[in-house]
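Keep the viewer open and follow along.

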Amino acid sequence: MNTSVLKKIWRPFLAILLFIGLWEVATRLFSIEEWLLPAPSDIVMEARSVIPTFLPHLQSTVTLSVSGFLIGTTVGLGVATILHLMPRVRETFFPFIIISQNMPIIVLAPLLVIWFGFNALPKLIIITLACFFPIAVSALGGFTQTNRELVHYMKMMGANKAQLFWKLELPHAVPSIFSGLKIAGTYSVMAAVVSEWLGAQKGIGVFMTLAASSYRTSRVFVAIIVAMIISLAFYGLILLLEKFFIRWQQKGENN
Amino acid sequence: MLELRHVSKSFGQKQVLQEISLHVSNGEFVSVIGPSGSGKSTMFSLIGGLLEPDAGEIYLSGENITNKRGFISYMPQQASLFPWRTIMENVLVGQELQGKKDYERAEAMLERAGLGDVIHAYPHELSGGMKQRVAFIRALLSPQSLMLLDEPFSALDEFTRTDMQKWLLSIWEDDEQSILFITHNIDEALFLSDKIIILSVNPAEIKEVIEVPFKRPRDEELLLSEEFLQWKRRIMEVIQF
């Protein structure tokens, strides 16, 4: 198990190291100014000194994105369930939902602030908007792709609509739901940072704008890297949950 | 137990079943044979209540169950087990839909069926034959007293199939539920049933009903006996004319 993970991981790991090395060498070789493009070593130094003051920002963003993600997941699953169980509603509103996704969030953000002020609500709305769609689409896909033979079996056995949904369609959709969750998890961090640009007391987005406006580029990079790490951690967490929830399938693939 | 009275069904212009009347008594094993496309599965969907007949009624123990669901237990052609459920959880599905789950009875039944070792396994860990066994036990454990078996062994290879037929008889002869069994295999029908209903095609009508005279319990030797072959010949003649 461990050796196989190592075998899989060493190539991309080496590539990242190589990239960082090249970056370091390039900034030194061409003596690029730190405010323009800081060397990786500068970023590390900056990170060390700034981390204590950075922690509250980090905490705020994590809380924001987790709450937004949870709301987005609930809304996404709810929307998918309604659209699935009510075909008429699906026909009527599905195009509308797709159109809603073609609206750039950044454009919507100032409007939400006008309507709801500088509190948490517009931020949560932005994250929810970013998160619910991949979940709704993947869940809906999972529901509709339910194995015909299993559906036939359930109907022959006299299952009602609720039983069909809870005992068959929902568990059947779990793998697809997880692929939506993975996308939504990474979106949620991005959306949280963007929403913080709008105005907040704390958060990685706030930290980033402050650093950028004073040309402390190393700090901007620290913020970017931390945001990436949070995003990855989310992804990893969801992956673990997925492994736990669909272990029946995992085993099958390995055999 | 089960009674179909002059049941007819057509899809659009095409008549699939015409005036089907049949009867399954308590504890009886009845097979329906006929060429593919003879509307056997339509007949099951009608009995299961998924479709409404154009004419005729369906009765179960005196109650009119035409176009009503939940009165029969079903074993499909493909095992159709739920991949996320263990074998134990799978065989309890039928009970779950109707109400109470009886773990002890399920466990005892799985043990007796030779599935004791895989109670906590997932379906993908089982072979095709084993999955069909689980599907049969699932049908047997469902609270309904009539089982519909829709060509349950047609996807299995010949060796596994004969094993499965013997196994099915051994389990069922202890339990004595009523079974309505669809097949297109004459040997299978003769070996398993008390009564064979032969259907014609386009539209399906009942050509003949044959009472199978073989005593139970039956074993493999029956398959090669002179008597068995004579009956087989007789059925083939009915099908051809």
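Let's start with strand 3 (residues 29-33) of chain B, which runs parallel to strand 9 (residues 195-199) of chain B and is joined to it by 4 bridges. Strands here are DSSP runs of E with at least two residues, helices are runs of H or I with at least four, and both are numbered from the N terminus; two strands pair if DSSP finds at least two bridges between them. This is a predicted model, where local features need pLDDT of at least 70 and side-chain atom pairs count only at pLDDT 80 or more, while totals for chains, interfaces and linings use all residues. Residues are numbered from 1 along each chain as its sequence is written, with chains lettered from A and ligands numbered from 1 in the order in which they are written.

Strand 3 of chain B also runs parallel to strand 8 of chain B, this time with 5 bridges.

What about strand 8 (residues 178-183) of chain B, is it buried or exposed? 6 of its 6 residues are buried, so the strand is largely enclosed by the rest of the structure. (Buried means 20 or more other C-beta atoms within 10 Å of a residue's own, exposed means 12 or fewer, and partly exposed is in between; C-beta atoms are placed from the backbone.) Both faces are covered, with B:Ser178, B:Leu180 and B:Ile182 on one side and B:Ile179, B:Phe181 and B:Thr183 on the other.

Strand 8 of chain B pairs with strand 7 of chain B too, in the parallel sense over 5 bridges, and there B:Leu149 stands opposite B:Phe181. To get from strand 7 to strand 8 of chain B, the chain passes through helix 6 (residues 158-175) in a right-handed β-α-β crossover: with the strands pointing away from you, the path from the first strand over the helix to the second runs clockwise.

Now zoom out. These strands belong to an open sheet of 6 strands in chain B, ordered 6-7-8-3-9-10 with mixed pairing. Strand 6 (73-75) and strand 10 (206-211) of chain B are the edges, each pairing on one side only.

Finally, the domains, whose bounds come from an automatic or database domain assignment. Chain B splits into domain 1 (1-72 + 146-160 + 178-241) and domain 2 (78-143), with C-alpha centres 25 Å apart. Chain A has domain 1 (1-31) and domain 2 (38-254), and their C-alpha centres lie 29 Å apart.
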